[in-house]
Amino acid sequence: MKIAYKAVAVIFLFTLVSGWAESQVVPAEQTSPGHDSHSQKSAPDQEMDHMQMPGMHQHEMKMDEKPKTFIEEMQHHSVSGTSAEPNSTPTPMLMTMKGPWMLMFHGEAFLNALQQSGPRGSDKVFSTNWFMPMAQRQLGRGTLTVRTMLSFEPGTVIGRFYPELFQQGETAFGKPIVDGQHPHDFIMELAALYDLKVGENGLLSFYFAPMGDPAMGPTAYPHRASASEDPIAPLGHHLQDSTHIADDVITAGFTYKIARIEASGFHGREPDEFRWDIDSGKVDSWSVRATVNPAQNWSAQYSLAHLTSPEELHPEEDLQRMTASIMYNRPTARGNWASTLLWGRNRTLDTGLVSNGYLAESTFRFAERNYVWGRIENADRTNELLLPNQFEPPNLQENSIGRVQAYTAGYAHDVDLIPHVATGIGAQITVYNSPDPLKAAYGNHPVGAVIFLRFRPFGKQR
């Protein structure tokens with residue numbers, strides 16, 4: 001089964017990348033025609049037309065416009081898995097047409113230099129990055145989307161994690177990662193999606209991904225507009241949205257007007273520490289998610305999941321995870337203001353251990369090229385933090401050791417270096433508040449600081 005998935009992955013990537021390479025990438029302002037088979041236009045006329053989303057029938061929308069309805073937002077598929085952001089949220093990307101296919105590309109890459117204070121502080125130069133090529137066309141009465149998401153972090157984050165004080169989750173070299181964040185897998189997503197309109201106000205959707213994102217949590221942090229300029233993972237990642245890379249995902253969902261309900265089956269084990277391959281396993285976990293976009297600038301979700309044996313070092317333990325979030329995006333004349341409030345909760349079914357994580361983050365883009373952002377977190381931590389760079393002792397009982405607060409603020413400015421790439425020069429600082437049991441190990445208020453270069457392709461919109 002694993003060999004078959006690898007073969008599918010290779011064929012999929014070769015087809016998608018080859019098709020993309022053969023086409024000329026056209027920025028969004030150099031628009032392309034829709035899929036009207038009843039009229040033919042000359043090349044100059046085609047270059048002047050606006051690109052339209054395939055499969056929209058009589059209410060096709062222009063891709064350089066914001067979605068006007070929640071259904072149009074879901075058909076965009078510009079974020080992780082089948083999650084949603086407010087309809088008004090901008091998505092910088094490159095687009096072109098090739099035959100019946102609309103080809104799209106977006107992503108971002110950070111080159112970071114990080115330093116931390118305190119007894120546990122460390123420093124590192126590394127890159128966090130992801131790239132999402134996507135192809136879409138009308139197929140039958142619906143719309144087919146094929147999408148992959150790649151990250152070169154297995155090669156740009158050496159040592160299998162980058163420093164992040166108080167962070168925990170997953171393993172490196174057989175040891176629990178403590179004070180560090182693991183890189184993403186090379187193949188973060190490999191998925192096919194099919195959307196079928198049901199009447200005027202309904203949308204039936206299917207998602208299949210040997211590697212993908214089940215219906216769990218909000219849009220994952222690498223794709224959230226509210227976190228777009230922050231290169232560091234939230235402390236609550238493994239309490240909130242760590243399932244955004246899962247194996248063997250099958251999702252079905254139904255959207256009606258402003259509301260959506262969906263359910264997923266998937267393999268519950270988190271990806272192993274060998275990040276270049278594709279993992280696989282039986283579908284042994286499930287999740288359900290309800291999402292509502294009541295207005296253009298708002299989106300909210302609640303989700304519940306049962307994760308079977310997610311942790312490699314504790315294979316006997318199953319988790320129940322709940323999340324709830326509210327997102328807000330306010331467009332401005334030369335920018336936008338995106339914010340997220342997020343709660344996540346893990347309950348270990350074997351031991352009854354409960355951990356909560358709370359997050360508030362916001363990014364304001366103004367005067368087109370300027371960004372300010374902040375993130376506030378309050379996350380439960382366990383006694384695993386007392387084992388830095390150590391193998392777990394036999395029969396370790398993981399217990400809550402306290403709650404850590406983290407306060408982040410940053411600023412970035414775009415400069416012109418590469419055409420249709422927003423190159424940001426930025427910096428951020430994070431101040432932590434240590435709980436009493438960890439003050440001896442970390443100090444009272446350790447600090448982490450990052451300076452970075454950020455690269456993000458864009459068409460008409462930055």
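Thr430 counts as buried because its relative accessibility is 8%. Buried means under 20% relative accessible area, exposed over 50%, and partly exposed in between, with a 1.4 Å probe and protein chains only. The model is predicted: local features need pLDDT of at least 70, side-chain atom pairs count only at pLDDT 80 or more, and totals for chains, interfaces and linings use all residues. Residues are numbered from 1 along each chain as its sequence is written, and side-chain values use heavy atoms, with hydrogens and water left out.

Thr430 sits in strand β18, residues 421-433. Strands (E, at least two residues) and helices (H or I, at least four) are DSSP runs numbered from the N terminus. The Thr430 side chain makes a polar contact with the side chain of Thr408 at 2.7 Å. Such a contact is a pair of N or O atoms within 3.5 Å; within protein, one must be able to donate a hydrogen and the other to accept it, and residues adjacent in sequence count only if both atoms are side-chain atoms.

The loop between β8 (202-212) and α5 (237-240) holds Tyr221. Its C-alpha atom is 9.3 Å from that of Ser80, 141 residues apart along the chain.

Contact means heavy atoms within 4.5 Å.

| Residue | Relative accessibility | Contacts |
|---|---|---|
| Thr430 | 8% | Ala406, Tyr407, Thr408, Pro446, Val447, Gly448 |

pLDDT is the predictor's confidence in each residue, from 0 to 100. The chain averages 88, and 86% of the residues score at least 70. Over residues 1-62 the pLDDT is below 50, and this stretch has 127 contacts in the model beyond near neighbours in sequence. Where pLDDT is low, predicted coordinates should not be read in detail.

Methods: Lists of a residue's contacts leave out its neighbours within four places in sequence.
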